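The entries follow the structure.

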Amino acid sequence: MEIESISHDIVIVGGGGAGLRAAIAVAEADPQLSIGMVSKVYPMRSHTVSAEGGAAAVAREDDNFEMHGFDTVKGSDFLGDQDVIQYFVQEAPKELALLEHWGCPWSRNEDGSVATRAFGGMSTKRTWYATDKVGFHMLHSLFQHSMRFEQIVRYDEQFVTKLLVEDGVVRGVASLNIRDGVLRIIRGRAVILATGGAGKIFPFTTNGNIKTGDGMSLAYRAGVPLKDMEFVQYHPTGLPGTGILITEAARGEGGYLRNKDEERFLVERDYGVGTKAELGPRDMISRAIIQEIEAGRGLEGAHGQYMNLDLTHLGEEKIQARIPMVRELSKLYIDVDPVEAPIPIRPVVHYMMGGIDTDIDGATSIRGLYAAGECASVSLNGANRLGSNSLTECLVFGARAGRCAVDFSRGIDEGSDANLRAQAEEEVARIEALRNKRSGNEKISRLREELNTTMESGCGVYREEGSMQASCETIDVIKQRLADVSLQDGSRVFNTELIAAMELANMVDCAEAVARCAVVRKESRGAHTRRDHPHRDDQNFLHHSLAYYEPGSPPRVGTKPVTLGKWEPEERKY
Amino acid sequence: MSERQKKTFVITRFDPDTDEVPKTESYEIEVEPYWKILDAINYIKDEVDPSLSHRWSCRMAVCGSCGMMVNGEPRLTCKDRLSGYGDTIEISPLSNFPVIRDLVVEMDGFMDKFNQVKPWIIRAKELAAEDGPMRQSPEELEEFKQFSMCINCMLCYSACPVVANEPEFLGPAAIALGHRYNIDSRDEGAAERNEVFRGEGTVFSCSYANECSEVCPKNVDPAAAVNQAKFNAVIDWATGLVISRDGKE
Ligand SMILES: Cc1cc2nc3c(=O)[nH]c(=O)nc-3n(C[C@H](O)[C@H](O)[C@H](O)COP(=O)(O)OP(=O)(O)OC[C@H]3O[C@@H](n4cnc5c(N)ncnc54)[C@H](O)[C@@H]3O)c2cc1C
Ligand code: SF4
Ligand code: FES
């Protein structure tokens, strides 16, 4: 049967914050262009929905771009690109204002201006919020606003399995309709990846089921390097057991972290956060918690050792008004009402600083291929992201990628039909073989669990040569075992086992890039902390890491210079 | 670790590739007392029967994917505690929707209803980014806030007796969303939406059953939205009449 091929001017993969913002930017740049937006879930299910705390942009009199810029550079442990950061801080307020015009119910001050709150590593209140359901409101506002543009054609519940590239130019994607199991070619004169992060490579994560690093793997396999993958952010406050996030806004609103002796350990001992205390950056606080636990000052619970996040002094009224979701989540998922008792928490995998290597336009090394949002590494976040910068990042760089993709698409032809069909036919054959694979000794859930376990033991908050090497070896073996999985579900219709098998392969790619880059970086910087190399080493490692896909072997790891600027690297102390 | 307990899940299965009609399958598994319904279904999918299809993602009651009928009631399964149920629990796809496969229902019709109410800010003059944010008082925000909390989980459509008889009915969540924009101080599009609301199969089809608000996992209270929308649509129409009788615009 002939493979169906559909054409758009711009194809966007992903309907989260970054994908929707890109689609709107394209629609605004040129209303004549048709946009295909492919998403493996309906857009409002994208994981942007779960973001809680807020989005950063200069808003107050006592703030300025210089301060937001420096906070971000310092937060990144000087691995953020300073041109990117300067552009970001300038665009941020405009983007959040647009979101306001599009209906986002930002929380307000008495005078009707937008309210801002304190956040970790930010030197003043610059995090805009809509109580503590910011991602939810942002995503729904963007999605609803996008509905006014008829030229945005959605392909919901369709899973992109491959980028169709011809002579170094991207021509479209191969997309499997989950509903009927049919693979289609969706062609575009430019393609934007906005597929989100890869937190599911770890066992204990704030990320939802869909965050399997698909776009990272798609680009990587097509030849684009993944950048700075070793930097994985642990958020200090996840609920033990489920990993559900308790937002940093809980500390931004005045919450304390306490150990089993009820000490505010960030104040009592020197963990580098200085007077910022609970509002220090995430990498430092996560390390402090692990050290407290190792020193025997953790509390013992059903899911291992934990610390307490104490909000009891804030009072019911404030908790209900500012952080109602924190209360809702902790009552529901850990049976604690934070008005009355402290919430048990422990560091949890939250965010990938690394991702598809792009320049400031979101452009990758493949012509016509762009990436934005968490799947991309535009190098805003460097070695450690500041909380509330990434929602804004989705908007600022989603919009820019959209506009740049439009410019690119103007000067490019459609490419060869025969070549794309040949590639798509190979995809059909590959997927059919996988769907019908009844022989094999491996189970998807088992391999996923083993991958998760090795990532936690080798690439956790603290790392060292031996355990990282062990992870690399385990991943090598898992890669081979992947060829031996068998599937039980042979149906074409909504076959989630088939999707899970392909997601697992994507996760393995991402995990391997994380572990391999981590081994090579023999220093401690931002979220990458090695016991065997406890200090930052600007002499040898003030550069980005790049992991290049090598068929049949581990990635080749290279480097890329950091774009410095007016802020000279200095010791990171608060 | 707390003690595991045995429970039996009777799950409705249907694969249009092979089945003429839905059937049920029983799974006896050991559950942790703190689990939600979704945890048990995920366990079955991972460990017992990987061919089971269901939707889920966030597991924190905000993405809206995981609605199912649990013992015949529409529930958000990542929020629904197992401990509240007996030894045997029946799970089936959300009612009032066509079934695609197992626990997965067709939701394109539901999505189309959102487009109908123009769920975006409508203004005579659009603002530019440089204009900065508009002002809105905390009180003005409070007016519509509750109606902006909908996670599109579709439980209210499953519970609604009108949807059951009249699948084209705009339904609770879509009406609540249109109403949310109508009463947002930044919006100027109420006249357009009220016209939609006065059409067939919208607010006046509602029979005040209130089931929607009872099942809503986010306390959106869509029934209240429908009532207010009804009232406003009438007033708007009546004022329109008065104005046109006066010969003014
Ligand atoms: C619990 C939590 C709380 C957070 N809180 C904050 C916060 O307060 N402030 C902040 O700034 N950041 C926060 N973050 C981070 C931030 O939310 C994310 O980085 C950001 O939302 C990512 O958006 P995105 O558009 O890149 O990806 P996502 O929203 O994850 O969207 C990815 C999209 O890609 C699609 N997709 C993926 N793979 C495929 C495929 N193979 N085929 C087709 N489609 C595909 C998906 O369907 C989805 O639509 C939080 C993150 C989490 C997990
Ligand atoms: S109104 Fe409530 S029940 Fe209905 S879709 Fe929205 S959140 Fe779900
Ligand atoms: S899984 Fe997201 S609402 Fe239940």
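I first located W237(B), which lies in helix α9 of chain B, residues 222-245; helices are DSSP runs of H or I with at least four residues, strands are runs of E with at least two, and both are numbered from the N terminus.

I noted that the model is predicted, with local features needing pLDDT of at least 70, side-chain atom pairs counting only at pLDDT 80 or more, and totals for chains, interfaces and linings using all residues. Residues are numbered from 1 along each chain as its sequence is written, chains are lettered from A and ligands numbered from 1 in the order written, and side-chain values use heavy atoms, without hydrogens or water.

I looked up why W237(B) counts as partly exposed: its relative accessibility is 46%, and the class lies between buried (under 20%) and exposed (over 50%), with a 1.4 Å probe and protein chains only.

I then turned to ligand 1. Its surroundings comprise 38 residues, S39(A), S46(A), T48(A), E374(A) and L391(A) being the closest; a residue counts if one of its heavy atoms lies within 4 Å.

I listed polar contacts (pairs of N or O atoms within 3.5 Å). A side-chain N or O atom of E374(A) is 2.7 Å from an oxygen atom of ligand 1. For L391(A), a polar backbone atom lies 2.7 Å from an oxygen atom of the ligand. A backbone N or O atom of K40(A) is 3.0 Å from a ligand nitrogen atom.

Terms used
Polar contact = N/O pair within 3.5 Å; in protein donor to acceptor, adjacent residues only side chain to side chain.
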